[in-house]
Protein chains: 2
Amino acid sequence: MRRETMATAAVIVLMAFLCCNVAAQGRRRGLRFDGKKGEFRILQVADMHYADGKKTPCEDVLPSQMSSCSDLNTTAFIRRLIIAEKPDLIVFTGDNIFGFDASDAAASMNAAFAPAISANIPWAAVLGNHDQESTLSRGGVMKHIVGMKNTLSKFNPSEAHVIDGYGNYNLEVHGAEGSKLANKSVLNLYLLDSGDYSTVPSIPGYGWIKPSQQLWFQRTSSRLQRSYKNKPEPQKGPAPGLAYFHIPLPEYASFDSSNFTGEKLEQGISSASVNSGFFTTLVAAGDVKAVFTGHDHLNDFCGELTGINLCYAGGLGYHAYGKAGWSRRARMVVASLEKTEKGSWGTVKSIKTWKRLDDQHLTAIDGQVLWSKSSSRKHMLH
Amino acid sequence: MRRETMATAAVIVLMAFLCCNVAAQGRRRGLRFDGKKGEFRILQVADMHYADGKKTPCEDVLPSQMSSCSDLNTTAFIRRLIIAEKPDLIVFTGDNIFGFDASDAAASMNAAFAPAISANIPWAAVLGNHDQESTLSRGGVMKHIVGMKNTLSKFNPSEAHVIDGYGNYNLEVHGAEGSKLANKSVLNLYLLDSGDYSTVPSIPGYGWIKPSQQLWFQRTSSRLQRSYKNKPEPQKGPAPGLAYFHIPLPEYASFDSSNFTGEKLEQGISSASVNSGFFTTLVAAGDVKAVFTGHDHLNDFCGELTGINLCYAGGLGYHAYGKAGWSRRARMVVASLEKTEKGSWGTVKSIKTWKRLDDQHLTAIDGQVLWSKSSSRKHMLH
């Protein structure tokens, strides 16, 4: 090849790389607030426990429902939720498949995430404690997920050389198109792998978020806060953050019906049996306003501790333990922007949540404000 | 300069570097078990609260002692301990000086650590919550310490780019000279900065060990365990480890007189008000058998939780709160090697502890075995 030809070829390769890289980044960084309503809507789907589709029966439903009930009911519920809530993002918080009963992990995941893909909605997933129990390892499951259509899931942060788990990443949600904050992340999502089971003989039970993950979170939060406070459009406080993972933190045990919204039908909180300090790390970082987990299908409450709401979604999947007569459910989170004096959109004004039940009317329950800019200001003035 | 001259100069510089580096490493890595008794003896000095020497009065001593009592009583007690116990290492676990009353931090430290220096005993120090309250910052205090004579203290690990605090480091104690383990660390000491006060508005109280420090500990422990299990002289389990820092962990609150050895004269445990997960990280690492802190001068117990002894030393300093009539005290730890069949020394067989009171006879109290290889083996067989 002549030198000129080589140079031309190199330029073409470079341009192709830039083009696709930009396109990939465009897709990946495409989350932004809606310019009409100034909203960003997140649907959380917890514990689908998907297995083999129609062949997989339901658990804990009424006798009258049993014969016609399968994984397809899980799919149908998600489709109804998408139509009713029109989410901008769907976050699947683990136990997406129930590996023990899934004969092919990849096929099971393809079916489980299909409603998001066919509706063309960006989606992100983290792992639970059952996702690796089929034909793929934990790493293999996450690798499959990041290759799926429309997903914003990432395998792990590229800047962290060593990190525990699979699927630790953050997503930025930019301000409304045309507003001054169009190129700034005004809402930050942190997604983490809370592990499956302890591998330490003297510690029984579930896994936990490790120091390497906490350090990554801390540095990411710190970088995002710096960027938010710097030019252009420098802001005062940090942008609000939301954290999504599977296993609840030990601090979820701090509440009872006197100080939470929702229900706690389980005996306790199935957190790790030890405290790995992530709640402290979250409080210290200062930007995360709420944590959303699954894992305990019959707990669906939100309770506030030290300025952070600790929320469950309640179980969504039909091939998962539940309670007959107690509807499967999902959690919505809607962040709303402030209207600026000039009629444009500003930063996040409030974050609200509610749940939707899989009943005839998709009944919305337990609506509450998780965070608002004004109460946060008031809090700071105290 | 001619090329040959440059090359010669480079070689000289390189040789000088190697020479001094080796010498520095020789000094730094000089800790090893005694070849006669097969022992390594560590004296822990907690909360000297040193200020301005003779001018600084004692606190909480009997009225009859008050007039003649000063920081010099602290010094005298340490000198007596050194003569009686002949330690191979002295570890000062913070609040070495009581900054508020020390008119010159450097002079106060020079006087406080003088007994170790004049006795020519290697020593290591970590910071408490009062060390930075005089003329030097926290970083400045640690910088001064690492420049002092005979100290093995380090400012921070060179391999960690960013770490919280000042004075996070580890020390290796090699097997007995002439034994097969002479070049292997058979006892590992981890020294950490547990901080001073929370800087997070919503978290009151004392500081805590951060994710960056925990990750450093985890990686260091893991590296040491690999090296211990690898050739030459590959070992089965990890070498036992001991951790030293100032502020107790929240898990110190797990005990009462039914399951600890020693006393708890304080109302509670003055740990951080939040759990930062370091106990979990210690249990998960698997090599640390005991943690030694100070901070609560009137608590001096050891209690075992999930295979790790959590120990206080009890306060040593006379210019520190205490209880009149309740002797100032210090904690000894002695690790002993196993005799091999060939009459040489092997790995660590047991780790014992006791305290010495500053009374007429330097009474030794609360002797106990913290760990032994045989019980550890038994434990593993269960």
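Predicted model: local features only at pLDDT ≥ 70, side-chain atom pairs only at ≥ 80, totals over all residues.
Mentor: A rotation of 180 degrees, with 0.0 Å of shift along its axis, superposes chain B on chain A (RMSD 0.0 Å). Residues are numbered from 1 along each chain, chains are lettered from A, and side-chain values use heavy atoms, without hydrogens or water.

Trainee: Which C-alpha of chain B is nearest the axis?

Mentor: That of B:Gly277, 2.0 Å from it.

Trainee: New topic. What is the strand order in the open sheet of chain A?

Mentor: The seven strands run 4-5-6-8-10-9-7, with mixed pairing. Strands are DSSP E runs of at least two residues, helices H or I runs of at least four, numbered from the N terminus. Pairing takes at least two DSSP bridges.

Trainee: Which strands stand at the edges?

Mentor: Strand 4 (169–174) and strand 7 (260–261) of chain A. Each has a single partner strand, so one side of each lacks a neighbour in the sheet.

Trainee: How many bridges join strand 4 to strand 5 in chain A?

Mentor: Six, and the two run antiparallel. A:Glu172 stands opposite A:Asn188 in strand 5.

Trainee: Which strands does helix 7 of chain A touch?

Mentor: Strand 4, strand 5 and strand 8 (288–293). Contact means heavy atoms within 4.5 Å.

Key:
Least-squares fit on C-alpha atoms with pLDDT ≥ 70 in both. Axes fitted to C-alpha atoms, helices over the stretch in contact; angles between N-to-C directions.
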